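Please find below a colleague's note on this model, written for someone who is opening it for the first time. The points are numbered so that each can be checked against the structure in turn.

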Amino acid sequence: MVVSELGTGRASVSAPAGRIPPQVVWHDLECGGYRADLPLWRELAQRSGDPVLDAGAGAGRVSLDLARAGHAVTALDLDPILLATLGERAAGLAIETVCADARSFALDRRDFGACLMPMQTIQLLGGAAGRLAFLRHAREHVRPGGVIACAILSALEPFDCSDGAPGPAAERAHVDGLLYLSRATRVSELAHTVVIERERRVIGDRPDAPGGPAERVRRPDGRPERDLIELDRVSARELEREGREAGLDPLGRREVPATDEHVGSVVVVLGV
Ligand SMILES: C[S@@+](CC[C@H](N)C(=O)[O-])C[C@H]1O[C@@H](n2cnc3c(N)ncnc32)[C@H](O)[C@@H]1O
């Protein structure tokens, strides 16, 4: 999960024909501009060989980058709307999409060179049981000598400006006549989870917005919507232990440093 700290970035959202579903806009705005981890996924894909399984692929930030670099990719996600968008964006590229739960999927092919789980998605799987279920299923689909690599949050600096105190500036995107604004307002570390809170606003910015006036301003009272994400806390050591329990060999850890706009992560690499 990316937490915008300076909020200077603007997501460039290219609209396919028709209206882009709001969840795709938020996903693009909050995740789509992140690039710091892409060289590592390319390196792992290059080293392990095709095909590559992108688990929790979303709207395709990593899948599209790998496919543009020439890799054959299977993009798996629970969310059919994000996957449909990925499918549209993948026109002409070697990407297959699969709508499935990463904790219980069963694909025909079991010869993946690498299974990648970017952007802390492993921390969204419902705790240790969910992570173990994913690792076991991933192992069944990756050929011997291949790798499973998962990004987890590295050290965080909690903050709270949910009471209106100054904090990160909003990231923004103009899509379909609407201005979407998203701003991280709180990061809290609890005993078992990290809570990330964002303030989201949608404002009409063009009189010709599709859908008419009712759609131009979703919250006429000006109040923002709050979006809360809870990530399970897990350390690299715990994830490696769970990997061993799933029959995998820890092969090392890689760091994706924090940038001005995004928190850093540790990528745990497990061998099959
Ligand atoms: C933080 S986003 C990351 C998207 C993409 N991998 C990226 O790096 O831009 C997490 C994604 O994981 C998906 N996801 C969450 N739980 C999942 C599960 N149990 N099985 C498959 N996908 C899941 C969500 O739908 C979402 O698209």
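**Notes on the predicted model**

1. Val147, leaving aside its neighbours within four places in sequence, is in contact with Leu44, Ser48, Ala114, Leu251, Val269, Leu270, Gly271 and Val272. The model in which these contacts are found is a predicted one. Val147 has its place in strand 5, and it is buried, with 22 other C-beta atoms within 10 Å. In sequence Val147 and Gly113 are 34 residues apart, whereas from C-alpha to C-alpha they are 6.6 Å apart in space.

2. For the chain as a whole, the model shows seven helices and 12 strands. Of the 272 residues in the protein chain, 41% are buried. Among the contacts with a separation of 6 or more, 69% are between residues 24 or more positions apart.

3. The largest nonpolar core has 65 residues, and those with the most contacts inside it are Ala114, Cys115, Leu116, Ile148, Ala149 and Cys150. Strand 5 gives the largest share of this core, namely eight residues. As a general background, nonpolar side chains in soluble globular proteins tend to be buried together.

4. If its neighbours within four places in sequence are left aside, Cys115 is in contact with Leu53, Ala55, Ala138, His141, Val142 and Ile148.

5. The ligand is surrounded by 19 residues, and the closest are Gly56, Gly58, Arg61, Ala102 and Met119. When the shell around the ligand is sorted by class, it has 11 nonpolar, three polar and five charged residues.

6. Gln120 is buried, with 22 other C-beta atoms within 10 Å.

7. A further backbone feature to check is the peptide bond from Asp50 to Pro51, which is cis, with omega near -10 degrees. Pro51 is found in the loop between helix 2 (38-48) and strand 1 (52-55).

8. Helix 3 (residues 61-68) is mostly covered, since six of its eight residues are buried. The buried residues of helix 3 are Arg61, Val62, Ser63, Leu64, Leu66 and Ala67, and Arg61 is also listed with the closest residues around the ligand. After helix 3 comes Gly70, whose phi is positive, near 105 degrees.

9. Which residues of helix 7 (residues 236-245) are buried? They are Leu239, Glu242 and Gly243. These residues cover an arc of only 105 degrees around the axis, which puts them on the same side of helix 7. The face turned away from this buried side carries the exposed residues Arg237 and Arg244. The buried residues of helix 7 pack against helix 5 (127-141), strand 5 (142-153), strand 11 (249-256) and strand 12 (265-271). Helix 7 is followed by Gly247, and the phi of Gly247 is positive, near 90 degrees.

10. Val98 lies in strand 3 (residues 95-99). Is Val98 buried or partly exposed? With 15 C-beta neighbours inside 10 Å, Val98 counts as partly exposed, because a residue is called buried when 20 or more other C-beta atoms lie within that distance and exposed when there are 12 or fewer. Not counting residues up to four places away in sequence, Val98 touches Thr74, Leu76 and Leu107. Val98 and Leu83 are 15 residues apart in sequence, and their C-alpha atoms are 7.8 Å apart in space.

How values were computed
Residues numbered from 1 in each chain as written. Predicted model: local features only at pLDDT ≥ 70, side-chain atom pairs only at ≥ 80, totals over all residues. Helix = DSSP H or I, 4+ residues; strand = E, 2+ residues; numbered from the N terminus. Arc of directions from axis to C-beta. Contact = placed C-beta atoms within 7 Å. Near = placed C-beta within 6 Å. Nonpolar A, V, L, I, M, F, W, Y, C, P; charged D, E, K, R; others polar. Core = buried A, V, L, I, M, F, W, Y, C linked by C-beta atoms within 7 Å.
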